[in-house]
Amino acid sequence: MSIQMPPAHPFDDDKLKEECGIFGVVGVTDAANFIALGLHALQHRGQEAGGIVTHDPETGFNQARRMGYVRDNFTSADIMKTLPGGIGIGHVRYSTAGNKGQTAIRDVQPFFGEFAMGGAAIAHNGNITNADALRRELIDRGSIFQSSSDSECIIHLMARSMGRNIPDRMEEALRKVEGAFSVVAMTRTKLVGVRDPLGVRPLVLGKVGDGWALASETCALDIIGAEFVREIEPGEMVVINAKDGVASHFPFRPQNSRFCIFEHVYFSRPDSILGGRSVYETRRQIGIELAREAPVEADLVCPVPDSGTPAAIGYAHESGIPYGMGIIRNQYMGRTFIEPTEQIRNMGVRLKLNVNRALIKGKRVILVDDSVVRGTTSRKIKEMILDAGAAEVHFRIASPPTAWPCFYGVDTPQREKLLAATMTEEEMRQHLGVDSLRFISLDGLYRAVGEAKGRNPKKPAYCDACFSGEYPVAPADMIQKGFVLKAAE
Ligand code: SF4
């Protein structure tokens, strides 16, 4: 059955969206409750659907997949009592590359497969860039796919492997896969975590009592009271069981890591730790760099809440211009608020954000936002600020212009819909109708994430393809469909 979900917010299509969050736990008494809490903490990484698989020696593998928020599905005793066991994994998703806007329950992970040596389930964050080619090949050789998800290829590749056990089969399957993958998987007794050789998407390890947890972000460890042990390394596979602990190895050809720099800017929660530093602190540093690179005379620095807040705090601190909450966000505006009728849709951004008129009136305002994608929301916010009586509006953006789509697990509009793909910075300023518009430079962003010398063009430390157009893994399927890479300089 396919279920049409309304968008989370009628105007939320003006942000890049992380497509998945993953979580796994072993060695606890009630895995499903831990997973539900972990997924709830990761809900910002995907709001369309979620799923949990557990294993219990008496009932075997148990699974539940639902459309909608974790809090609306995985809190009822009716569902949770169907998920007994001390080991399990879970997944929250936005949508897959092939099925935008119409999520089918069959696409909701984790995916489960029954193999000769027992069952296994997997949950994937990222995007397989050669999935179309793999899928065609697998179907030609007799595989029957159940979903439209690229991640299902992993299960079919495992089924065809001659590996002696599930981790061996996973390893062999993942060697054939290109692109970005952080994966959690489980057998009856083992929890497995893997990151692709570039380490594009995050995955962290935590200790909870006598058990272990794997999660996309540390905020999901915090919620269950787990201690953050370390990040899983790029190219690392960990196999964990409750008795023997964590066994680690590196099955892929070593490469320079290219973690997604946009996780620092926007995707990850500000209370998570990435690369040994809080995401909040990195975003504050981005604001500091931005103030150094793009100063302007003004009376007030305002964040576009919530994602622009830490950078605005940094900008205000560095510039000495007072910080104020000029825009207030309605925290209770959820998917279930009202049906997004045409009239409601036209209210647009006002449903979520309201201007603090008393603060704004007569002021020269610097608005700090995390990114500009299509520019539709930025234009509406500018109108609201001017309507409230601001004397000037200056946009400062905490990421470089987003001019290229992401093919590594983030939902991006087609290239021609990205404002920065078709306009210069001055054209964008005119289009948005603001007094000034400046983006942080790529070098400035690298400095803010801890690379003192900025971006090394010969050996960049991060994936920054959506800004630079330099893709660390060629997006094979998209090239096949006609996507044109940036010409070499
Ligand atoms: S293209 Fe952008 S969003 Fe995608 S992985 Fe690279 S940095 Fe992250």
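How many nonpolar, polar and charged residues are in the shell around the ligand? By class, that shell has 10 nonpolar, no polar and 1 charged residues. The structure is a predicted model.

**Ligand shell**

- The residues surrounding the ligand are Val200, Cys260, Ile261, Phe262, Cys406, Tyr408, Val410, Cys463, Asp464, Ala465 and Cys466.
- Two helices, helix 8 (261–267) and helix 17 (465–468), each contribute at least two residues to the shell around the ligand.

- Four strands form an open sheet in the order 20-23-24-26, and the pairing is parallel.
- Strand 20 (300–303) and strand 26 (436–439) are the edge strands, each pairing on one side only.
- From one strand to the next, the twist averages 20 degrees.
- Strand 20 and strand 23 (residues 364–369) run parallel and are joined by 4 bridges.
- Pro303 has Val368, in strand 23, as its bridge partner.
- Helix 10 (residues 309–319) lies across strand 20, strand 23 and strand 24 (392–397). Helix 10 runs at about 165 degrees to strand 20.

- Strand 6 (residues 87–93) is mostly covered, with 7 of its 7 residues buried.
- In a regular strand, side chains alternate between the two faces of the sheet.
- On one side of strand 6, Ile87, Ile89, His91 and Arg93 are buried.
- Strand 3 (residues 20–26) pairs with strand 6 in the antiparallel sense over 7 bridges.
- Strand 4 (residues 49–56) also pairs with strand 6 in the antiparallel sense, over 7 bridges.
- Val92 of strand 6 is the bridge partner of Gly21, and Val92 is also the bridge partner of Gly50.

**Helix 6**

- Helix 6 (residues 166–175) is largely enclosed by the rest of the structure, because 7 of its 10 residues are buried.
- Its buried residues are Ile166, Pro167, Arg169, Met170, Glu171, Ala173 and Leu174.
- Among the strands that the buried residues of helix 6 pack against are strand 8 (111–115), strand 9 (118–128) and strand 10 (179–186).
- The buried residues of helix 6 also pack against strand 11 (190–195), strand 15 (237–241) and helix 5 (152–160).

**Helix 9**

- Helix 9 (residues 279–293) has 15 residues and reaches 21 Å from its first C-alpha to its last. This span is close to the 21 Å expected at 1.5 Å a residue.
- Helix 9 is mostly covered, as 11 of its 15 residues are buried.
- The buried residues of helix 9 include the charged-class names Arg283, Arg284 and Glu289.
- Also buried in helix 9 are Val279, Thr282, Gln285, Ile286, Gly287, Ile288, Leu290 and Ala291.

**Cis peptide bonds**

- Most peptide bonds are trans.
- Gln109 and Pro110 are joined by a cis peptide bond, with omega about 5 degrees. Pro110 lies in the loop between strand 7 (103–104) and strand 8.
- A cis peptide bond also runs from Pro305 to Asp306, where omega is near -10 degrees. The loop between strand 20 and helix 10 holds Asp306.

Note on methods: Residues are numbered from 1 along each chain as its sequence is written. This is a predicted model: local features need pLDDT of at least 70, side-chain atom pairs count only at pLDDT 80 or more; totals for chains, interfaces and linings use all residues. Two strands pair if DSSP finds at least two bridges between them. Axes are lines fitted to C-alpha atoms, for helices over the stretch in contact, and angles run from 0 to 180 degrees between N-to-C directions. Two residues are in contact if their C-beta atoms, placed from the backbone, lie within 7 Å. A residue is near a molecule or strand if its C-beta atom, placed from the backbone, lies within 6 Å of it. The expected span of a helix is 1.5 Å times one less than its number of residues. A residue is buried if 20 or more other C-beta atoms lie within 10 Å of its own, exposed if 12 or fewer, and partly exposed in between; C-beta atoms are placed from the backbone.
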